[in-house]
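Please work through each task with the model open before reading its solution.

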Amino acid sequence: MTNYIEAGARFSLDSPTLVPNSAGYLWNKHMMIHMNCQGYAVAQYMNPEPKKYAHNPNMAATSFMQPEQPYFAHHPGRFFYLRDDESGELFSAPFAPIKAELDSFEFQPGLSDIKWKIKHSDLELDMTLTLSPDLAAELWHVKVRNSDSQSRKVSLVPYFPVGYMSWMNMGAHFDDELNAVVCTSITPYQKLEDYAKNKHLKDITYLASDVKPTYFETSLPRFEGQGGLHNPTGLSDKRSLSDQPSHYEMPACIMQFELDLQPGDESEYNFVFGPALDKQEIAETLDLTLSDNKAHAAADYASYIESGKGVLNISTPDKIFDQFVNNWLPRQVFYHGDTHRLTTDPQTRNYLQDGMGMAYVNHEATKQVILTSLSQQKRDGEMPDGILLTPEATLKYINQIPHTDHSVWLTLILESYINESNDWAILDERLTWHDSDDKSTVLEHMNMAMRHMCGARDERGLPYIAQGDWCDPMNMVGPKGKGVSGWLTQALSFALQSWIRLSRDVNDANELDRFQHTVDELVVIADEYLWKGDWYARGITDDGVTFGVPEDKEGRIFLNTQSWAFLANMPNALQTERMLKAVDEQLDTPYGVMLCAPAFTAMREDVGRVTQKWPGSGENGSVYNHAAAFYAASMYHINQSDRAFSTLRKMLADPECESFVQRGQLPLYIPNYYRGAYYQYPDTAGRSSNLFNTGTGAWFYRLVIENLFGLKGCREGLVISPQLPTEWQKARVKREFRGAILDVEYQLVSDKTQACIEVDGVVLSSNLIEDIAAGKHYSVVVNYHNGG
């Protein structure tokens, strides 16, 4: 069976080769592991910067997960060999590295654990991976069962490669007191001052067990020998592992457990795998994660994941959509908002949008994001490119490149936070500035952010792009200080309109008039300089070349400048019709709506490195789901509910859809992209990046709550304005809101005069439920008409 099980809280994949790159992921605030169905893994932990504890078999640049992560024989993973000690027959679980055909395979990622159930040669192997809520340690449980009618002598051999730890110093040994293989290293350094800095680094990786192994191995070369991982020398000819340490050769954590199993017998093992500073830390971790404490750690982790369950439970005619929204969507939102993507300097736009999603999971966390961000704002209103989360953190990588869009996202997160919490007092909280100890209210910080964006425009009134806006790799449009962003023209208008609407009752009237004047200006400016043919252009380069226009052979049309024009109320009815037609014909695909088309196939030096990405990958014409979410938002904004829902629905890797295998991922998260260039490279179009780091989840969740089901908070209470797909006849929702629970039933009525909202049997005079009381349970019936 390949589908959701356990009411959607778990997925079951019954083949290791159907979607071989598919994976699940687990995390806490200290670590993350992306676990592939075949046993390959990408994991990292905070120390305090992100660091790996299982490495590639050669020196590799520091990086996080890569899109379309390639797997290979010696890729880091968590593998278990099973050998019949009488016949010498060998297979591996979950599947790699031997990749022998198995009698039965089930990969079952759940909300708080990942399981496999393997059957082969009358042996059953059940494996479970989970974490604790606050330790950088993988907790494994393995059970071997003899389902044969005869006794079996077998060896269970966990093989956890550690890889090339250090060119300077690496080795491994077995520690009898810890009952663990301990791999040691020293992070290489050259500068004298780095010696002191590196003392805190956890340069140890270990694998511990609650059962004494019969034998062990610490050297990958000695284990693999000349047989290769599919037939390692260390296990050939029925031999036993060497029980030898490893001296400056690639280490590995390998144990051998000899089992004599009668028919029906089972043997169980618990393992802990992770990084450590020293032996004492290993011992302390094992005390919390092995023996009786293992169950407590797993239960505590399940509780941690449950704390991010969100505020919505739905029942609709679309059961795949239900199971994703009820279980996996809030989980992805929670991961982003609670861990900040496991970085100490999240990009400002990511930090704010991830925080926006948390408003519907834990709005107190959202408040902290708002206050932390604004406290790092400059006195002139400019927001930084990244937000520093620890005293030692510095701006790194992309955060050293100037981008011009970061203030846009402030209005979105603040609106979501106030919608959910009704905490208008936040606007009166006083914060310092990055470059001044003066304290100003959040309201003033927001006004300054808007003023700064309004001022960062050229003589035409178009916002500068510098070395990027939302699109990071669009880095050569404006490095000379003249290039402008068509998208930011619209996003600025949207941000101003949102801020005017949100702060109307508390802000200075003259200030709001100035902002409204800019909004009015931007409509005219966009029409004059950006409207080209049947859509809005993407921008104008330093040399005055407008791009994203009908005359361009590549990058002719960009999705974002259509989506945000709708959000900013810019196009008239005729323009809207032409824009929608252009998107349908040039950007929409069975896998979603592409970011631009045709994708660039060669470098364009006045646009930037985005044009050097492979056509259809990343920002170069993929189905980039973050941008697709913007498009869905814009479709709800102009009352195109079917287009909006279709856009959201295409983001899911539906196991019941013929595109499932082509996408190559499970419906456990929305990936940052599916391959695009649909008309240029149709054979690879739709392939998932299998990368769950994306701002999409926050937008998707907000749209489902506030637009699809139309359950949006306001100062007075909850406004109900659903935009359900026209093919639905009914739906049910449980919405948690400001401490209350609302059971909402939607019923389609044929006559507009029958449309009404009932609360506890009383028909409302409007679509607003006022004075919602915490602790109260409301029964709501929404009789809606598709005509409005």
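**Exercise 1. Is Lys-367 buried or exposed, and at what relative accessibility?**

Solution. The model is a predicted one, in which local features need pLDDT of at least 70 and side-chain atom pairs count only at pLDDT 80 or more, while totals for chains, interfaces and linings use all residues. Residues are numbered from 1 along each chain as its sequence is written, and side-chain values use heavy atoms, with hydrogens and water left out. Buried means under 20% relative accessible area, exposed over 50%, and partly exposed in between, with a 1.4 Å probe and protein chains only. Lys-367, at 19% relative accessibility, therefore counts as buried.

**Exercise 2. Determine which residue forms a salt bridge with Lys-367, and where the two partners lie.**

Solution. The criterion is a side-chain nitrogen of Lys or Arg within 4 Å of a carboxyl oxygen of Asp or Glu. Asp-423 forms such a bridge with Lys-367, their closest N and O atoms being 3.6 Å apart. This pair links distant parts of the chain, since Lys-367 belongs to helix H7 (residues 363-374) and Asp-423 to the loop between helix H8 (408-421) and strand S22 (430-433), 56 residues apart. Helices (H or I, at least four residues) and strands (E, at least two) are DSSP runs, numbered from the N terminus. Asp-423 has 17% relative accessibility and so counts as buried.

**Exercise 3. Characterise the geometry of the aromatic pair formed by Phe-630 and Trp-699.**

Solution. Rings of Phe, Tyr and Trp (its six-membered ring) pair if their centres lie within 6.5 Å, and planes under 30 degrees apart count as stacked, over 60 as edge-to-face and the rest as tilted. By this rule there are 55 aromatic pairs. One of them, Phe-80 with Phe-160, is edge-to-face, at 5.6 Å centre to centre and 85° between the planes. Phe-80 is in strand S7 (residues 79-84) and Phe-160 in strand S13 (residues 152-161), so this pair ties together parts that are 80 residues apart in sequence. Both Phe-80 and Phe-160 are buried. Phe-630 and Trp-699 are likewise edge-to-face, with 4.8 Å between the centres and 70° between the planes. Since Phe-630 lies in helix H14 (residues 625-637) and Trp-699 in helix H17 (residues 696-708), the pair ties together parts that are 69 residues apart in sequence.

**Exercise 4. Identify the residues with the most contacts inside the largest nonpolar core.**

Solution. Such a core is a set of buried Ala, Val, Leu, Ile, Met, Phe, Trp, Tyr and Cys residues joined through side-chain atoms within 4.5 Å. The largest one has 216 residues, and Trp-564 and Phe-709 have the most contacts inside it. Helix H10 (residues 486-503) gives the most to this core, with 10 residues. A second, separate core of 17 residues includes Tyr-81, Val-157, Leu-220 and Ile-254.
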